[in-house]
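Hi everyone, and thanks for making time this morning.

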Amino acid sequence: MSSESALRSLNGHWLNRIAIAALALVAIAEIGAFIALPFDGYDSPSHLFWASEWRHLWQAGIMYPRWMPDSYHGFGAPSFYLYPPFAYVVSSVVGILLPAVSAVTLIKVATLLTLLLSGLSMYLFLRWRSNEGKQAPLMLASLVYAFAPYRFFNMTVRAAFSEHVAFVFVPLAVWGLSLLVRDRRAGRLSPHGLALLTASLALILLTNLPAAASVLVLLFLYSIARKDWLQVGTSFVVASILAVGLAAFYLLPVATFYHDAPLGRLWVA
């Protein structure tokens, strides 16, 4: 290696370290601010109420509560015939581990847990994808994914709890498709890739529908933009159909009752 190449490598090494240290400070600041600030974003009342309801209904032995009996001063509401359930499964598991905490603490713990899991899932995918074995770029990209400004905006201003949880599964879905692409080049179908893509897509569907639509469209476009688009696209469609089948216990009621929900009233005073 020439002295110029060695100098560039050394500079890159130190820049990575500085960037990781800066992002680590950002991460600490974001986590500290999220813990200290009140949870009062746009959607906070709904998420706090639903997380509390799910915890109480789990305690009553109802593991998938579609009807929220305490909504509208006890008249009830069919909220989870339409809204995805998985984020509240996560909050209810936290509620089992921390039974005495308030709904705000419940949501905050679940949010921070899934925040860290999203960074971990990105790191594991990038470590598999990387051929160089260098840890610094992997850590840098994982920190950016977990602590980018939009993620903090999502947690605080929007309080988009279910969309936040869905970020855990996006790198896993891309990982599953990447496994399918790699094994298609070798002329075989990857059962691990198909299983990972199917499970990840199903979990995103069960967590947040706009996130699921975005991921499905992007991965489909990636599949058909390749030279081997027919093979990869076919595998992606098969995984998507299987994912819809796994999430059918939620999606079928949505399809059945969708037209009974007066969504037009969301846009009028």
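Let's begin with a term we'll need: a residue counts as buried under 20% relative accessible area, as exposed over 50%, and as partly exposed in between. Please also keep in mind that this is a predicted model.

Now, the salt bridges. How many salt bridges does the structure hold? There are three.

Take Asp 183 and Arg 182 as our opening pair. They form a salt bridge, and their closest N and O atoms are 3.0 Å apart. Asp 183 has a relative accessibility of 5%, so Asp 183 is classed as buried.

Next, find Arg 158 and Glu 163. Their side chains meet in a salt bridge too, at 3.0 Å from N to O. Is Glu 163 buried or exposed? Glu 163 is buried, since its relative accessibility is 14%. Arg 158, with a relative accessible area of 24%, is partly exposed.

That leaves Arg 226 and Asp 228. In this salt bridge the closest N and O atoms lie 2.9 Å apart. Here both Arg 226 and Asp 228 are buried.

Let's turn to the helices. Look for helix α10, residues 191-205, and helix α11, residues 209-224. They pack at an angle of about 145°, and their axes are 7 Å apart. Which residues make the contact? From α10 we have Leu 197, Leu 201, Ile 204 and Leu 205. From α11 come Leu 209, Ala 211, Ala 212, Val 215, Leu 216 and Leu 219. By class, that contact has 10 nonpolar residues, with no polar and no charged ones.

On the α12 side, Val 244, Gly 245 and Leu 246 make the contact; on the α13 side, Ala 248, Phe 249 and Leu 251 do. In this contact, five residues are nonpolar, one is polar and none is charged.

Key:
Residues numbered from 1 in each chain as written. Predicted model: local features only at pLDDT ≥ 70, side-chain atom pairs only at ≥ 80, totals over all residues. Heavy atoms only, no water. Contact = heavy atoms within 4.5 Å. Helix = DSSP H or I, 4+ residues; strand = E, 2+ residues; numbered from the N terminus. Nonpolar A, V, L, I, M, F, W, Y, C, P; charged D, E, K, R; others polar. Salt bridge = Lys/Arg side-chain N within 4 Å of Asp/Glu carboxyl O. Buried < 20%, exposed > 50% of the residue type's maximum accessible area, 1.4 Å probe, protein only. Axes fitted to C-alpha atoms, helices over the stretch in contact; angles between N-to-C directions.
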